[in-house]
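Trainee: I would like to go through the pockets, the cavity and some helix contacts of this protein. Could you take my questions in turn?

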Amino acid sequence: MIERIVIIDNVDPVSFYGVNNCNMQLIRNLFPKLRVAARGSVIKVIGDEHDTAEFEKRIKELEDYCIKYNKLSEEVILDIIKGKSPETPKHDDVIIYGINGKPISARNTNQEKLVKAFHDNDLTFALGPAGTGKTYVAIALAVRALKNREVRKLILSRPAVEAGEKLGFLPGDMKDKIDPYLQPLYDALEDMIPAVKLKEYMETNVIQIAPLAFMRGRTLNDAVIVLDEAQNTTVHQIKMFLTRLGMNAKMIITGDATQIDLPRSVTSGLIQALKVLKDVPGIGKVEFGKKDIVRHALVQRIVEAYEHFDKENPDAAKDKPELSGQ
């Protein structure tokens, strides 16, 4: 009799073991000659050498399946342990599988262009109105690169436009004050990575979510870096951000030139960067339109109504209040 230790640290334990450890109980039943104990990411198995080696092999196959599809069903467990190839979901265009195996894929032509641009370039701009899914797809591409071990970390950032006085009135420490600005990034990640695994990634800095100001002085290697709401960067901020790009790294910059929240006297860094970099090779650009909006159908009509209003009332923007503390 020998004791063998199997580590499953690349998978979410909740997804792997199942509700009330139902998956683990099934696995035990399929290996009746072995004594199996599981705790966290460690599975201890006792038995003869051949049976424990076979157990480890099948557990690793189950782990690989669970990493890819974020779920394990009874049918998949039975197939893999019996040495059969499990039936896999038929989604050729899937970027990744999110929580509970939900397929996340490009939903229109421009989202497909963004997927291709990310593959072909180390720096990609994704531009367009709210609701087109540009940020969601960008984060899905980043998570895929992490899961495929193409990079070692993800860095997601946004400018905190009201980083002056108004933040001071919010309760809590600096993280508590900044987090509301970064919540859309958390929301996307929670759709794609199981909660336990996401918490682990955040605690170990595999996934870092930080305001743009925290990027200064860093060189970002072996990473996918996503800058959201880039229209609210200043000229100096976006230049600082772009020059953080390190070896084996990719950047996606998303923004909407129609939703600039900077004071009228401040030039948007995104607008200037697009002009400065327009002829630089190795940079991709995908432009989304209101027809690409994938939120509630009413969102597209709201965007169109505001565009119509702005055309008929060109002076209305002059009434836009300036942000204090700038």
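Mentor: What follows is a set of questions and answers on a predicted model.

Trainee: Which element gives the largest share of the lining of the largest pocket?

Mentor: The largest pocket holds about 1000 Å³ of space. It is lined by 34 residues, and A257, T258, Q259, I260 and D310 are the closest to its centre. Two elements, α11 (269-276) and α12 (297-312), each give two or more residues to this lining. The largest share is 7 residues, and the element that supplies them is α12.

Trainee: Which element gives the most to the lining of the second largest pocket?

Mentor: The second largest pocket has a volume of about 600 Å³. Its lining has 28 residues, with G131, G133, T135, Y136 and R295 closest to the centre. At least two residues each come from β5 (103-105), α6 (134-147), α8 (174-192) and β10 (249-255). With 5 residues, the element that gives the most is α6.

Trainee: How many residues in the lining of the second largest pocket are charged?

Mentor: The lining of this pocket is divided by class. There are 10 nonpolar and 10 polar residues in it. The charged residues number 8.

Trainee: What is the volume of the largest cavity, and which element gives the most to its lining?

Mentor: A search of the whole structure for cavities of 30 Å³ or more finds 1. The volume of the largest cavity is about 130 Å³. Its lining has 15 residues, and N10, N70, K147, P194 and K197 lie nearest the centre. Of the elements that give two or more residues, namely α3 (49-69), α6 and α9 (195-203), the one that gives the most, with 3 residues, is α6.

Trainee: How many residues in the lining of the largest cavity are nonpolar?

Mentor: The lining residues of the largest cavity fall into three classes.

Trainee: Are α10 and α11 oblique or roughly parallel to each other?

Mentor: Helix α10 (residues 235-242) packs with α11 at an angle of about 60°, and the axes are 8 Å apart. Angles under 35 degrees count as roughly parallel and those of 65 to 115 as roughly perpendicular. The angle therefore makes the two helices oblique.

Trainee: Which residues make the contact between α10 and α11, and what is the handedness of the crossing?

Mentor: On the α10 side the contact is made by V235, I238 and L242, and on the α11 side by G269, L270, Q272 and A273. By class, these residues are 5 nonpolar and 2 polar, with no charged residue. The crossing of α10 and α11 is right-handed.

Trainee: Is α2 roughly parallel or oblique to α4?

Mentor: The axes of helix α2 (residues 22-30) and helix α4 (residues 74-81) come within 11 Å and cross at roughly 30°. Angles under 35 degrees count as roughly parallel. The crossing angle therefore makes α2 and α4 roughly parallel.

Trainee: Which residues meet where α2 passes α4, and how many of them are nonpolar?

Mentor: The crossing of α2 and α4 is right-handed. N23, L26, I27 and L30 in α2 meet E74, I77, L78 and I81 in α4. The contact has 1 polar and 1 charged residue, and its nonpolar residues number 6.

Trainee: At what angle do α5 and α6 pack, and which residues make the contact?

Mentor: Helix α5 (residues 109-120) and α6 have axes 10 Å apart and pack at about 40°. α5 passes α6 in a right-handed crossing. The residues of the contact divide into 6 nonpolar, 1 polar and 2 charged. They are Q111, L114, V115 and F118 of α5, with K134, V137, A138, L141 and R144 of α6.

Definitions and conventions
Residues are numbered from 1 along each chain as its sequence is written. This is a predicted model: local features need pLDDT of at least 70, side-chain atom pairs count only at pLDDT 80 or more; totals for chains, interfaces and linings use all residues. Side-chain values use heavy atoms; hydrogens and water are left out. On a 1 Å grid over the protein atoms alone, a cavity is a set of points where a 1.4 Å probe fits but cannot get out, and a pocket is an open set with protein on both sides within 12 Å along at least five of seven lines; lining residues have an atom within 4 Å of a point. Grid points are joined across faces, edges and corners, and a volume is the space filled by probe spheres set on the points. Helices (H or I, at least four residues) and strands (E, at least two) are DSSP runs, numbered from the N terminus. Ala, Val, Leu, Ile, Met, Phe, Trp, Tyr, Cys and Pro count as nonpolar, Asp, Glu, Lys and Arg as charged, and the others, Gly among them, as polar. Axes are lines fitted to C-alpha atoms, for helices over the stretch in contact, and angles run from 0 to 180 degrees between N-to-C directions. Angles under 35 degrees count as roughly parallel, over 145 as roughly antiparallel, 65 to 115 as roughly perpendicular and the rest as oblique. A crossing is left-handed if the near helix is turned anticlockwise from the far one by less than a right angle, and right-handed if clockwise. Contact means heavy atoms within 4.5 Å.
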